[in-house]
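Reader: Please take me through the surface and the pockets of this model, with the criteria behind each term.

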Amino acid sequence: MRRYFVFELKQFFTSKKNIAVFALLTFAALFYAFKLAPAYDPIEKVDYDEIEARYLTRAEFLDSMFGKSLYGYHESVGHAVSMFGFLNPYDERRLQALDEGDLRKYADETSAWYYYTNVYTYRNELLAYNPRYYMEDRRFAEEEAYYAYFEQFQRYDTYKRVWYDLTIEILEQRTALQTLERLLKGPLPYILLIATLLLTIDIVTKDRRHPSVLKGFPIADWKRLLVKVFVGLIGSVFLWIPIIVGLMIVGFQFGFGNLDLPVPVYGYELIANEQGKFVHMSMGIFLFRCFLLLATWMVVIVSAVLLCSIIFRQEMFNLLVGGLLIFGDRFYASRGVGYFWNVEYFPISYVQVGNIVSKYQNFYFTSEGLHDMLGLKLLLASAAIILVLTLLISLSKRFRLIK
């Protein structure tokens, strides 16, 4: 058994196809670290000029209306005087905090600014959020901006009480750990699961090329399959090495951050809470829960590849089934679909692990039920069922690995 494990491990890491997968991922990680991460331009950033321009424009308007009777003006003028008179002092104090280099004071004033600006702007036909929210998906741009402003409110509300020193990089989410957070909410889960699929797609079918060699290992097929599961998972863990190297480079450029950084979590059930819809968890807990969910997904992918390999014996079927598992939610994913379907009971709803843990998917699907712990249970159950089926089928002479 041990000899066979070493043999499989050597085959896995010397495969030209697998070496190409690792090389491609390494190139992508380095390209991201040196090119894309420095060019990251968040919509919500610490922009002194933008704050100053907004403050001066509103101050000029308020000065022009000072002492005037609003009788005879359009009602929107009265709303503007009331709103600008309330919000402009926050912008003034934000500018003062930046001039003084007091980022904790800046966080305090900014948290309140986001909260009250959101209250005034949401579903107000006379006002709009940052124009960059309206560049894509215009139908739901206002909802996305509403979510983003409350998320920023929660993030800054936590910053004003933290023990560590604040930096512009932390406020703009440029540090290595915050970059990882953004990637886990974006393409990284797909990249890692696709890479896992490509690494293991031939882990069974390749045996047909060396039947005489494999007959030299007199062990049962079900034991061979278990060894292949472990080898596939070990290989999947190694996918993190290029990612970590890339994050180290980002860390040297913008700081590494720390595990106590706040990650806002959407609280669907908190809709009536006067503090908005968000609570927060620490970066350490967020990453742990994401990695747990992602590791379980890797077990599901490897298990599904093994099952398809012994039934269909074609790598194309492995690719098709794996692709359906990874991208299957695209067939039904749309805003509000959770109101009509119980999407929380579909294991494939949990691919976007960062959005699951932060509960953005609850907001997107309008569902209370999506939770990473439920997803973990569903995926573990799915993996167990697939593995049991695989081992049972492997006992049949019809599906022997080597004939």
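Author: This is a predicted model, in which local features need pLDDT of at least 70 and side-chain atom pairs count only at pLDDT 80 or more, while totals for chains, interfaces and linings use all residues. Residues are numbered from 1 along each chain as its sequence is written, and side-chain values use heavy atoms, with hydrogens and water left out.

Reader: What volume does the largest pocket have?

Author: A pocket is an open set of points on a 1 Å grid over the protein atoms alone, where a 1.4 Å probe fits, with protein on both sides within 12 Å along at least five of seven lines. Grid points are joined across faces, edges and corners, and the volume is the space filled by probe spheres set on the points. For the largest pocket, this volume is about 1200 Å³.

Reader: Which helix gives the most to the lining of the largest pocket?

Author: Lining residues have an atom within 4 Å of a point, and the largest pocket has 31 of them, with Ile-43, Tyr-133, Glu-144, Ala-148 and Glu-151 nearest its centre. Two or more lining residues come from each of α6 (141-159), α8 (176-184) and α16 (360-365); helices are DSSP runs (H or I, at least four residues), numbered from the N terminus. With seven residues, the one that gives the most is α6.

Reader: How many charged residues are in the lining of the second largest pocket?

Author: The second largest pocket, of about 360 Å³, is lined by 21 residues, among them Glu-50, Arg-54 and Trp-113. Asp, Glu, Lys and Arg count as charged; Ala, Val, Leu, Ile, Met, Phe, Trp, Tyr, Cys and Pro as nonpolar; and the others, Gly among them, as polar. The lining has eleven nonpolar and three polar residues, and its charged residues number seven.

Reader: Is Lys-359 buried or exposed?

Author: Lys-359 lies in the loop between α15 (353-357) and α16, and has a positive phi of about 70° although it is not a glycine. Buried means under 20% relative accessible area, exposed over 50%, and partly exposed in between (1.4 Å probe, protein chains only). Because its relative accessibility is 16%, Lys-359 counts as buried.

Reader: How does Thr-366 count, and what is its relative accessible area?

Author: Thr-366 lies in the loop between α16 and α17 (372-394). Its phi is also positive, near 50°, in a residue other than glycine. Thr-366 counts as partly exposed, with a relative accessible area of 27%.
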